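Here is a short tour of one protein chain, written for someone who likes to check things against the coordinates. Please keep the viewer open as you read.

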Amino acid sequence: MKAQKYCFYLFLLSLLILPIYATDIGGKPSVRDKHGWKPIKNIKDPYVKGIADFALFESNKRFNFNLLFEGVLRGQTRSSNGTYFRLVVVAKNGAHTRNYRTVVFEQPWADLRKLVYLTAFNRH
């Protein structure tokens with residue numbers, strides 16, 4: 001009888017802990033990492049493409065590049081007084097196609113979009 005009572009209390013305790021673990025506070029690292037980045041579910045969304053286009057346009061303007069958008073491989077967002085978009089973008093520079101990591105900050109209510117950085121890296 002004591003064992004059944006103990007199992008029952010353990011079961012009730014697990015029912016209390018599971019919902020807390022399933023929320024953002026204790027959620028899986030793949031859903032929200034320790035810095036608050038969340039994966040973008042639809043990287044083919046035209047809005048995400050617009051963010052990537054903006055990053056390439058700004059880099060072309062600032063550094064006299066000639067990067068042409070090919071696609072977005074993956075992306076994440078984080079909210080902090082606006083939205084940060086962290087994207088991996090495929091772009092063509094002449095005959096060479098490379099991947100680029102970029103972060104763009106946006107505050108739509110202030111009509112602000114700012115390129116934080118864009119850097120190339122090799123594909124594996």
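## Starting at a hairpin

Let us begin at the turn between strand 2 and strand 3: these strands form a hairpin with three residues between them, and Asn81 in that hairpin has a positive phi near 55 degrees. Please bear in mind that this is a predicted model. Asn81 sits in the loop between strand 2 and strand 3, and the positive phi occurs here in a residue other than glycine. Most residues other than glycine have a negative phi.

Is Asn81 buried or exposed? Asn81 counts as exposed because its relative accessibility is 61%, and the cut-off for exposed is over 50%. Gln107 itself belongs to strand 4, residues 96–107. With a relative accessibility of 11%, Gln107 counts as buried, since buried means under 20%.

## The chain as a whole

How many helices and strands does the chain have? There are two helices and five strands, and along the sequence they follow the pattern α-β-α-β-β-β-β. Of the 124 residues in the chain, 28% are buried. The accessible surface is about 9100 Å², and carbon and sulfur atoms account for 59% of that surface.

The five strands make an open sheet in the order 1-2-3-4-5, with antiparallel pairing. Strand 1 and strand 5 are the edge strands, each pairing on one side only. In general, strands of a sheet pair through backbone hydrogen bonds, either parallel or antiparallel.

Strand 1 (residues 38–39) pairs with strand 2 over two bridges, in the antiparallel sense, and Lys38 has Thr77 of strand 2 as its bridge partner. Strand 2 and strand 3 are joined by 11 bridges and run antiparallel; here Val72 stands opposite Val89 in strand 3. Strand 3 (residues 83–93) also pairs with strand 4 in the antiparallel sense, again over 11 bridges. In that pairing, Val89 faces Tyr100 of strand 4, and Asn93 has His96 as its bridge partner. Strand 4 is joined to strand 5 (residues 112–121) by nine bridges, with the two strands running antiparallel, and Phe105 stands opposite Lys114 in strand 5.

The hairpin of strand 3 and strand 4 has two residues between the strands, and Gly94 in the turn shows a positive phi of about 70 degrees. In the hairpin of strand 4 and strand 5, four residues lie between the strands, and Asp111 has a positive phi near 55 degrees.

Another positive value is found at Asn64, a residue other than glycine with phi near 60 degrees. Asn64 lies in the loop between helix 2 (46–63) and strand 2. Its relative accessible area is 72%, so Asn64 is exposed.

## A buried tyrosine

Tyr100 is part of strand 4. Why does Tyr100 count as buried? The reason is its relative accessible area of 6%, as buried means under 20%.

Leaving aside neighbours within four places in sequence, the contacts of Tyr100 include Leu67, Leu87, Val88, Val89 and Ala91, and also Leu118, Thr119, Ala120 and Phe121. Tyr100 and Thr119 are 19 residues apart along the chain, and their C-alpha atoms are separated by 5.4 Å.

## The largest pocket

Rolling a probe the size of a water molecule over the atoms shows where empty space is left. The largest pocket holds about 150 Å³ of space. Strand 2 (67–79) and strand 3 are the elements that give two or more residues to its lining.

Which residues line this pocket? They are Arg74, Gly75, Gln76, Arg86, Leu87, Val88, Arg101 and Tyr117. By type, the lining divides into three nonpolar, two polar and three charged residues. Two of the lining residues, Leu87 and Val88, are also among the contacts of Tyr100.

Conventions
Residues are numbered from 1 along each chain as its sequence is written. This is a predicted model: local features need pLDDT of at least 70, side-chain atom pairs count only at pLDDT 80 or more; totals for chains, interfaces and linings use all residues. Side-chain values use heavy atoms; hydrogens and water are left out. Buried means under 20% relative accessible area, exposed over 50%, partly exposed in between (1.4 Å probe, protein chains only). Accessible areas come from the Shrake-Rupley method with a 1.4 Å probe; for residues, only the protein chains shown count as cover. Two strands pair if DSSP finds at least two bridges between them. On a 1 Å grid over the protein atoms alone, a cavity is a set of points where a 1.4 Å probe fits but cannot get out, and a pocket is an open set with protein on both sides within 12 Å along at least five of seven lines; lining residues have an atom within 4 Å of a point. Grid points are joined across faces, edges and corners, and a volume is the space filled by probe spheres set on the points. Ala, Val, Leu, Ile, Met, Phe, Trp, Tyr, Cys and Pro count as nonpolar, Asp, Glu, Lys and Arg as charged, and the others, Gly among them, as polar. Contact means heavy atoms within 4.5 Å.
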